[in-house]
Amino acid sequence: MTKIERLGVIGGGQMGGGIAEVGARAGLDVIVCEVSDEAARAGRTRLWKSLNRAVQNGKLTEAERDAAQSRLHFTTTLADLDDRNMVIEAIAEDEELKTKLFAELDKVVSDPDAILASNTSSIPIAKLAAATKRPQQVLGVHFFNPVPVLKLVELVPSLLTSEETVERAAAFATEQLGKETIRAKDRSGFVVNALLVPYLLSAIRMVEGGFATAEDVDKGMVLGCAHPMGPLRLSDLVGLDTLKAIADSMHEEYGDPNFIAPPLLRRMVEAGLKGKKSGKGFYDYS
Ligand code: 3HC
């Protein structure tokens, strides 16, 4: 099976940046494509900070960090991804934007065997695949935040994905990136978010209804169930805008009221309170 040597990542936010980091640390040549010079600069700064933290924690030597940095390139031109063996899209959870992007990407990537993957957590892979002329090479490759720390990758073939593509993506995730994989059907939320999102929304409803404070809900789950962080802090980490977009997409898919984003979540997103990335959500990060 041919190895992935040249990886493209579209979107250099917390997910895209994390994917680019693990790719470069695994020895791949990585190009991160961003919408603007400013976004590319911000993505690069976050990535360099994360690599420096890995050096401070003794996870990387300075030489390994320098080598990873030399393998990471940034661009704002999608056409620069033409020679990639695999491209992972990690932009905002917006179906229209992602569908358009897959149609453009299909025209740009010249390797006929290239895998076109999405890190979406809730948008149907079949819709993205149908926007391309190589639907058999399109699948969901869903990472978890923080990507350098969490071991899981969900592999999501659509009805049109070939078994060879799934096997190549599985080998890439396990043998090249050192992750573990599970497979899920092309249904909104896949395995993990289908279970996690109703839990996070329930916690928000508890706070919204005045049943308990965010701090007490989180303390309850950390000390009572040994979760590494409570649901409100985790919602902040995921991003409240992302959580709302996933909930909306899952509600559209299943019609289940458990997936309805509570008004408090909607108001916070409208107010620009997006969690850790915006400096404020249920907690203050300023
Ligand atoms: N990047 C790289 N490394 C990071 C990191 C980041 N953003 N955040 C933390 N780390 C590392 C730290 O450097 C530290 O490394 P060390 O063990 O070598 O010192 C280690 O992770 C532990 O970090 P901390 O000591 O700072 O803090 P914690 O022990 O509290 O761990 C956490 C932080 C790793 C974020 C942990 O709380 C955790 O795993 N939380 C749950 C996260 C989770 O559930 N994520 C899934 C979200 S759902 C999702 O992503 C899907 C999407 O579709 C919504």
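**Exercise 1. Into which domains is the chain divided, and how far apart are their centres?**

Step 1. Take the bounds, which come from an automatic or database domain assignment. The chain is divided into domain 1 (6-183) and domain 2 (194-277). Residues are numbered from 1 along each chain as its sequence is written. The model is predicted: local features need pLDDT of at least 70, side-chain atom pairs count only at pLDDT 80 or more, and totals for chains, interfaces and linings use all residues.

Step 2. Take the centres over C-alpha atoms: they are 26 Å apart.

Step 3. Look at the contact, where two residues count if their C-beta atoms, placed from the backbone, lie within 7 Å. Domain 1 supplies six residues and domain 2 supplies eight residues.

Step 4. Sort the side of domain 1 that touches domain 2 by class. It has one nonpolar, four polar and one charged residues. Here Ala, Val, Leu, Ile, Met, Phe, Trp, Tyr, Cys and Pro count as nonpolar, Asp, Glu, Lys and Arg as charged, and the others, Gly among them, as polar.

**Exercise 2. Describe the secondary structure and the overall size of the chain.**

Step 1. The chain has 11 helices and eight strands. These are DSSP runs, numbered from the N terminus: helices are H or I with at least four residues, strands are E with at least two.

Step 2. The radius of gyration, taken over C-alpha atoms, is tested against the globule rule, 2.2 Å times the number of residues to the power 0.38. The chain has 19 Å, close to the 19 Å that the rule gives for 286 residues, so it is as compact as a globular protein of that length.

Step 3. Along the principal axes, the C-alpha atoms fill a box of roughly 55 × 45 × 35 Å.

**Exercise 3. Find the nonpolar cores.**

Step 1. Start with burial. A residue is buried if 20 or more other C-beta atoms lie within 10 Å of its own, exposed if 12 or fewer, and partly exposed in between, with C-beta atoms placed from the backbone. Of the 286 residues, 45% count as buried.

Step 2. A nonpolar core joins buried Ala, Val, Leu, Ile, Met, Phe, Trp, Tyr and Cys residues through C-beta atoms within 7 Å. The largest core has 52 residues; V9, I19, V30, M86, V87, L116 and A117 touch the most other members. Helix α1 (residues 14-25) gives the most to this core, with five residues.

Step 3. Zoom in on I19. Beyond its neighbours within four places in sequence, I19 contacts V9, I88, A90, N119, F143 and V147.

Step 4. A second, separate core has 24 residues, including V197, I204, V217 and L234.

**Exercise 4. Where does the ligand lie?**

Step 1. The ligand has 18 residues around it, and N57, S121, N145, P146 and P228 come nearest. A residue is near if its C-beta atom, placed from the backbone, lies within 6 Å.

Step 2. By class, the shell has 10 nonpolar, six polar and two charged residues.

Step 3. Both domain 1 and domain 2 give residues to this shell, so the ligand lies between them.

**Exercise 5. Examine the backbone at P146, F190 and A226.**

Step 1. Recall the background: most residues other than glycine have a negative phi, and most peptide bonds are trans.

Step 2. N145 and P146 are joined by a cis peptide bond, with omega about 0°. P146 lies in the loop between β6 (138-143) and β7 (152-157).

Step 3. F190 has a positive phi of about 50°. F190 is buried, with 22 other C-beta atoms within 10 Å.

Step 4. A226 has a positive phi of about 60°. A226 is exposed, with 7 other C-beta atoms within 10 Å.
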